[in-house]
Amino acid sequence: MHDANDLSQLRVLVVDDEDDIRLGLKRLMQRLGARVSEAADGAAALRELERRPADLVLSDLMMPGMTGAELLPEIKRRWPGTEVAILTGYGTVQTAVQCLQEGAAHFLTKPFDNEEILRLVRRLGCQILARRSADGGGPGATLVAEDPGMKRVLELVRRAAPSPMPVLIEGESGTGKELVARAVHAASQVAELPFLAVNCAALSDTLLESELFGHVRGAFTGADRDRRGLFAEAGGGTVFLDEVASMSPAFQGKLLRVLQEQVVRPVGGSRDLPVRFRLVAATNRDLQEQVSRGAFREDLYYRLQVVRIHIPPLRERPQDILPLAASFIARAAELCRISLGELPVLGADAERALLAYSWPGNVRELENAVQRAVVVCVDGAVRPYHLGIGGGAWGEPTAGEGQAGSYSEAKQRALVQFQREFVERALERTRGNVSQAAEACGLTRAAFQKILRQLGVDRTDFLAD
Ligand SMILES: Nc1ncnc2c1ncn2[C@@H]1O[C@H](COP(=O)(O)OP(=O)(O)OP(=O)(O)O)[C@@H](O)[C@H]1O
Ligand SMILES: [Mg+2]
């Protein structure tokens with residue numbers, strides 16, 4: 001593990017009813033340089049989170065009042081971005097496994113060893129901070145395009161960008177639609193003007209309308225002053241409408257009018273205001289199919305798709321996989337303050353695993369896998385099992401499945417993922433010794449081996465070199 005991680009931006013909340021343990025954990029977090037707060041029970045934890053949101057909660061399972069198992073779903077519901085790791089006494093492993101299914105990032109059994117906690121928090125902390133900075137997106141991210149499929153996309157971007165025509169970007173989730181939208185803006189004649197993004201799926205009709213068109217004071221409860229909408233704010237720049245397929249029919253009509261007449265009527269207002277902007281829209285659903293089903297207005301569709309850019313899924317542009325991985329390694333290493341000389345290296349077997357996988361979550365999934373590998377790999381060598389991706393007969397989501405699917409499928413995937421991490425970690429610790437690993441997991445050798453077979457995990461990957 002590289003010890004130069006900067007976790008000073010990481011906010012950790014420690015929840016435990018035992019004063020000693022709380023204090024001990026707090027000191028450990030301080031040792032990592034993280035910002036730490038504490039709470040003695042579940043209710044106090046929620047109050048603390050309201051005052052000071054946390055990136056990571058380390059919570060005991062058994063506490064008087066609200067237990068850790070009850071606290072977890074509440075945190076996940078109210079602060080979906082907050083990761084929760086459960087600390088549990090012996091004998092409650094069953095509950096802890098349930099917690100993983102409810103979205104806990106990890107669990108540790110007491111009595112735990114300090115190194116183990118430090119390692120866990122470094123790993124999760126690094127991922128959280130890396131994710132936060134990636135979400136910031138921004139011009140910092142360089143667009144990798146080595147595969148002919150992606151080169152064609154860039155060529156289209158280059159040709160379409162200078163005109164003021166609306167652009168529609170289509171592609172599965174995680175293929176890089178937002179990045180391409182930013183590239184269109186950056187190559188346009190309005191690159192110096194704002195790029196304003198709105199996710200249509202995240203907002204109700206009313207909020208979307210007020211966000212885009214603005215509102216006047218008193219238009220609704222809480223509207224205590226006039227507010228300009230994004231179309232007006234853009235001032236000739238680019239407005240990026242993400243997930244357009246989820247706009248309601250009513251809103252589609254309103255948007256169409258804006259595009260036709262170049263005016264908006266703020267919510268509660270009585271006058272139209274002229275607006276100027278370049279529209280870039282994105283969808284991960286087949287808009288044409290939505291049109292044929294009557295779920296999307298045809299007239300609006302034709303206005304949006306004057307220029308259409310389709311981003312192929314990652315599985316259809318294999319030549320991008322390794323260059324993307326290399327760029328993500330460099331970025332993750334930078335975030336984790338790993339010096340250039342110590343950049344983790346992909347082993348040939350890890351490269352094969354990356355190339356063989358179907359990437360249902362596309363580039364975003366690749367980015368996550370690589371970030372994870374950079375943090376968990378040992379001595380800078382990335383092996384297949386550090387990537388946390390499928391490779392065996394099961395556990396690998398089939399092509400096109402994406403993040404979607406039923407609850408039970410998602411649960412099954414989470415469980416397989418958990419099993420994989422669990423057994424791989426045990427094998428890593430015992431350097432591939434199955435008997436010792438099985439014992440550490442409290443399983444018989446036969447049961448452990450059966451799991452390895454089901455997951456397609458090869459113990460020889462873990463032998464000391
Ligand atoms: N060609 C690329 N080169 C470098 N990074 C990329 C590329 N494509 C995508 N990424 C990175 O992958 C992540 C996902 O990309 P992005 O958010 O643009 O995808 P998206 O299609 O908008 O996903 P969603 O449908 O889930 O919103 C981002 O962190 C982005 O920087
Ligand atoms: Mg997006």
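Hi everyone, let's start at the ligand: a nitrogen atom of ligand 1 sits 2.8 Å from a polar backbone atom of V144. I'm using polar contact for a pair of N or O atoms within 3.5 Å; within protein, one must be able to donate a hydrogen and the other to accept it, and residues adjacent in sequence count only if both atoms are side-chain atoms.

Some housekeeping. This is a predicted model, where local features need pLDDT of at least 70, side-chain atom pairs count only at pLDDT 80 or more, and totals for chains, interfaces and linings use all residues. Residues are numbered from 1 along each chain as its sequence is written, chains are lettered from A and ligands numbered from 1 in the order in which they are written, and side-chain values use heavy atoms, with hydrogens and water left out.

Back to ligand 1. An oxygen atom of the ligand is 3.1 Å from a polar backbone atom of L179, and for T175 the distance from a ligand oxygen to a polar backbone atom is 3.3 Å. In total 16 residues surround ligand 1, and the closest are V144, S173, K177, R364 and E367; surrounding here means a heavy atom within 4 Å.

Now the helices, which are DSSP runs of H or I with at least four residues, numbered from the N terminus. Take α6 (residues 148-160) and α7 (residues 177-186): their axes come within 9 Å and cross at roughly 35 degrees. Axes are lines fitted to C-alpha atoms over the stretch in contact, with angles from 0 to 180 degrees between N-to-C directions. M150, V153 and V157 of α6 meet V180, A183 and V184 of α7, with contact meaning heavy atoms within 4.5 Å. That contact has six nonpolar residues, no polar and no charged ones.

Next, α13 (residues 321-335) and α15 (residues 362-376), whose axes come within 9 Å and cross at roughly 50 degrees. The two are therefore oblique to each other; angles under 35 degrees count as roughly parallel, over 145 as roughly antiparallel, 65 to 115 as roughly perpendicular and the rest as oblique. Among the residues in this contact are F328 and R331 of α13 and E367 and Q371 of α15. By class, it has 11 nonpolar, one polar and two charged residues.

Last pair: the axes of α8 (residues 205-213) and α10 (residues 249-261) come within 10 Å and cross at roughly 15 degrees. These helices are therefore roughly parallel. D205, L208, E209, L212 and F213 of α8 meet A250, F251, K254 and V258 of α10.

Thanks, happy to chat!

Methods. Nonpolar A, V, L, I, M, F, W, Y, C, P; charged D, E, K, R; others polar.
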